[in-house]
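Please look over the sequence and the model shown below before reading on. The walk-through takes up packing, strand pairing and charged contacts in turn.

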Amino acid sequence: MPVRYHWGLATLAFLPSTAFADPAATLPVGAPVLEVPVRCRIGADCFVQNYVDADPGPGMRDFACGRLTYDGHKGTDFRLTDLEAMRRGVAVVAAAAGTVARVRDGMEDVSIRQSGGAPAGREAGNAVVVDHGNGWETQYSHLKRGSIAVSLGDRVEAGTPLAQVGLSGRTEFPHVDFGIRHDGRTLDPYTGKETGTGEAPACPTDQGAAPVPPGTLWSAEARRTLAYRPSALLGAGLAPEAPRAEVARDGGYGGSHDGRSLPADTPVLGVWAELMGGRQGDRVTLEVSGPDGRRLFRNEGAVPRPLAVLFFGSEVKKSASGPWTSGAYRVTVTVRHGDETMLREERRVELR
């Protein structure tokens with residue numbers, strides 16, 4: 001099947017701050033306890049696409065020894081499935097109580113694939129910074145233009161809506177880049193460790209699902225919600241054409257859950273899926289079954305190298321002339337890593 005690979009790109013650049021870094025400082029008692037900063041179902045409607053880069057050198061490695069990061073990344077990216085989800089609106093909320101310290105709005109929601117980049121110093125796009133006291137700050141970047149619901153000096157509590165997930169600044173997919181720092185030092189909320197320091201984690205083998213480690217700044221509830229997922233299905237379904245990644249990522253085919261209905265007389269029936277976090281050697285199987293349960297399509301392939309995002313699609317061949325049989329069609333995506341099934345999900349699409 002045709003396959004397209006690409007690394008998602010996003011950059012968090014903190015808004016100007018008067019704090020100064022102290023490399024010798026250690027994580028003090030009294031750090032804020034962080035709640036999940038987005039109102040969506042993690043693992044269903046939104047996903048952690050990129051973690052903080054735990055490798056201080058030129059390599060890249062997330063805290064779980066996976067590849068869901070890129071060199072020098074200092075935030076945690078909570079991404080949506082597609083642009084349609086962004087347009088509907090997904091709330092970004094304060095992770096802990098504090099006071100709004102800085103706000104920026106007015107930047108357009110546009111991928112750098114179209115814009116060519118963001119102005120220097122404004123890579124974070126529309127953003128909000130919350131001061132939690134004692135030198136602690138959190139930042140929420142790439143927010144949707146015009147969605148910011150707080151003003152400078154506002155007092156917020158954990159869960160207070162700040163804005164909505166957007167596509168502003170230096171990024172190419174809708175998400176909020178969440179960052180935390182103390183006295184100017186940027187930390188990984190999963191480990192409580194300063195970014196870009198120490199040694200890279202020892203990673204003798206590729207890791208699968210992993211719990212949040214000791215030292216985390218996340219609350220107990222957030223730890224359960226944010227358990228590490230090395231792979232996720234962003235979307236899958238059927239299309240009335242040879243599937244195109246740009247249409248799927250705009251929400252044009254549905255696919256984050258059960259898809260939109262299609263006319264039974266469509267001349268072309270395409271099948272597609274988009275995965276996050278493909279690891280080298282993963283076996284990906286894509287299947288389509290008709291209303292009678294008979295399998296109409298099956299294809300399987302291996303991921304050749306670690307990938308942030310993997311889009312693939314093909315056409316389903318019709319065995320007879322005339323329209324497709326009306327009814328519910330099932331698209332099943334299975335990802336296996338070695339002998340372990342990492343995910344198996346199904347989408348249903350009605351042909352009428």
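This is a predicted model: local features need pLDDT of at least 70, side-chain atom pairs count only at pLDDT 80 or more; totals for chains, interfaces and linings use all residues.

In soluble globular proteins, nonpolar side chains tend to be buried together. Here the largest nonpolar core holds 48 residues, and V38, F78, Y140, W218 and L226 are the members that touch the most others. Several elements each supply at least two residues of this core: the strands β2, β3, β6 (126-133), β7 (136-143), β9 (161-164), β10 (175-182) and β12 (232-239), together with the helix α1 (83-88). Leaving aside residues up to four places away in sequence, V38 touches C46, F78, A91, V92, V93, V165 and V176.

The model contains ten aromatic pairs. One of them joins F63 and Y190, with centres 4.8 Å apart and 20° between the planes, and is stacked. F63 sits in the loop between β2 (46-50) and β3 (76-80), while Y190 sits in the loop between β11 (185-187) and α3 (220-225), so this contact ties together parts that are 127 residues apart in sequence. F63 counts as buried because its relative accessibility is 14%, under the 20% limit. Y190 is buried as well, at 0%. Y253 and W272 form a tilted pair, at 6.0 Å centre to centre and 45° between the planes. Y253 belongs to the loop between α4 (245-249) and β13 (270-278) and W272 to strand β13, 19 residues apart. Both of these residues are buried. Ring pairs also build a cluster from Y51, F63, Y140, F178, Y190, W218 and Y228; Y140 and W218 were named above among the residues of the largest core that touch the most other members.

Next comes a sheet. Strands of a sheet pair through backbone hydrogen bonds, either parallel or antiparallel. Four strands form an open, antiparallel sheet in the order β15-β14-β17-β18. Which strands stand at its edges? They are β15 (295-302) and β18 (340-351); each has a single partner strand, so one side of each is left without a neighbour in the sheet. From one strand to the next, the twist averages 10°. Strand β17 (residues 327-337) runs antiparallel to β18, and eleven bridges join the two. Within this arrangement, H337 stands opposite E340 in β18.

Charged side chains complete the picture. Side chains of opposite charge can pair when their charged atoms come close. The count comes to 19 salt bridges. R298 and E287 form one of them, with the closest N and O atoms 3.6 Å apart. R298 is partly exposed at 42% relative accessibility, whereas E287 is buried at 13%. R298 and E287 also belong to a network of salt bridges that includes R283, R295 and E300. Elsewhere, R347 and E345 meet at 3.2 Å, N to O. R347 is buried, with a relative accessible area of 6%, and E345 is partly exposed, at 26%. A further salt bridge joins R185 to E194 at 3.6 Å, and R185 is buried at 4% relative accessibility.

Key
Residues are numbered from 1 along each chain as its sequence is written. Side-chain values use heavy atoms; hydrogens and water are left out. Rings of Phe, Tyr and Trp (its six-membered ring) pair if their centres lie within 6.5 Å; planes under 30 degrees apart count as stacked, over 60 as edge-to-face and the rest as tilted. Buried means under 20% relative accessible area, exposed over 50%, partly exposed in between (1.4 Å probe, protein chains only). A nonpolar core is a set of buried Ala, Val, Leu, Ile, Met, Phe, Trp, Tyr and Cys residues joined through side-chain atoms within 4.5 Å. Contact means heavy atoms within 4.5 Å. Two strands pair if DSSP finds at least two bridges between them. Axes are lines fitted to C-alpha atoms, for helices over the stretch in contact, and angles run from 0 to 180 degrees between N-to-C directions. A salt bridge is a side-chain nitrogen of Lys or Arg within 4 Å of a carboxyl oxygen of Asp or Glu.
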